[in-house]
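Here's a quick briefing on one helix and a handful of salt bridges. Have a look at the model first, then read on.

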Amino acid sequence: MRREDWPDLVAFAAIAEEQSFTRAAARLGVSTSALSHAMRALEERLGVLLLTRTTRSVAPTDAGERLLATLKPAMDDVASAVESLGTLRDKPAGHVRLTVHSLAMRSITPRLPAFARAFPDVVVDITVDNERTDIVANRFDAGVRYGELVDKDMISVRIGPDERGLVVASPAYFERFPPPKKPQDIAKHRCLCARLSPGGPLYRWELEKRGRSVRVAAPPVFITNDSDSLLAAALAGMGLAYVMESVVLPHLRSGALVRALEDWCPPFPGSFLYYPSRRQLTPALRALIEALRYPAPAAAPREAAR
């Protein structure tokens, strides 16, 4: 059966159920003559008579009954599927696919349990990825990156506070190597470096002071793409590291790590969730955005509050 036969099959089912061309035409919103022409064309293509017509009634032939017995369940399934889509307009449900940079997971993860309780029919599907992934080409509903990395043609929503990159090391390391006083001094240090993507270049440390920006190619003694391993190496005294303040704040407070070049480490926009401006938000994504929005909503998200 060809795809273009489907409208004629729908028309046949309507005629068979109504047992009248007139009533079926009114139900389908077409003329009686158009319906009659469609049935003749369908019967000619199939090579069998589907309807017995008299001046007073219309009824399926044996071949028509057999076709209707198969056709009706399939049509009911399609109608059910279309009807179920209607519920998605109002009720958050289904998958929400996100690509998220690894450090943002520290702030996102604690908020997911409350969201899951409020919206049990939503599946949050997160891919952790530090590259600038094309969310449209890769069929993600949204992405999470630092604000300065979000393209201007995207709609973005802040989900985290401002962030700050810090140059740190352990007290034991600074006993062996004096803290750097200016960015150029980093070249004299043993540095713990990050590679954001496999085979990609090492991340250059971004420093700024009174409007002057520098990107430092730190000499590595250790390279990783895992922020936890980088932190562990810094705590162990292996070298100088450039890490996010949100990651190392507890260790700064405890004295396990010490800052350097503090006046070269201003804040920058933190994490933002973003999505294409032309994309209509699904209820599920809209609910997730409200749950992750920063500052946090005054109350936990509720299905009734949409």
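Predicted model: local features only at pLDDT ≥ 70, side-chain atom pairs only at ≥ 80, totals over all residues.

Buried means under 20% relative accessible area, exposed means over 50%, and partly exposed is anything in between (1.4 Å probe, protein chains only). Residues are numbered from 1 along each chain as its sequence is written, and side-chain values use heavy atoms, with hydrogens and water left out.

**Helix H3**

- Helices (H or I, at least four residues) and strands (E, at least two) are DSSP runs, numbered from the N terminus.
- H3 takes in residues 32-46, 15 residues in total, and runs 21 Å from first C-alpha to last. That's close to the 21 Å expected at 1.5 Å a residue, where the expected span is 1.5 Å times one less than the number of residues.
- On the buried side you'll find Leu35, Ser36, Ala38, Met39, Leu42 and Glu43. Down the axis of H3 these buried residues fall within an arc of 160°, so they line one face of the helix; the arc is that of the directions from the helix axis to the C-beta atoms.
- Their cover includes helix H1 (6-18), helix H2 (21-28) and strand S1 (51-53), with contact meaning heavy atoms within 4.5 Å.
- Turned away from the buried side of H3 are the exposed residues Ser33, His37 and Glu44.

**Salt bridges**

- The structure holds 15 of them, a salt bridge being a side-chain nitrogen of Lys or Arg within 4 Å of a carboxyl oxygen of Asp or Glu.
- Glu245 and Arg164 pair up at 3.3 Å, N to O. This pair ties together distant parts of the chain, 81 residues apart: Glu245 sits in helix H9 (residues 245-254), and Arg164 in the loop between strand S6 (154-158) and strand S7 (165-169). Glu245 counts as partly exposed, at 21% relative accessibility.
- Asp162 bridges to Arg158, with the closest N and O atoms 3.1 Å apart. Asp162 is partly exposed at 45%, and Arg158 is partly exposed at 25%.
- Asp185 and Lys188 meet at 3.7 Å, N to O. Here Asp185 is buried at 10%, whereas Lys188 is exposed at 65%.
- Glu17, Glu18, Arg23, Arg27 and Lys72 are joined in a salt-bridge network.
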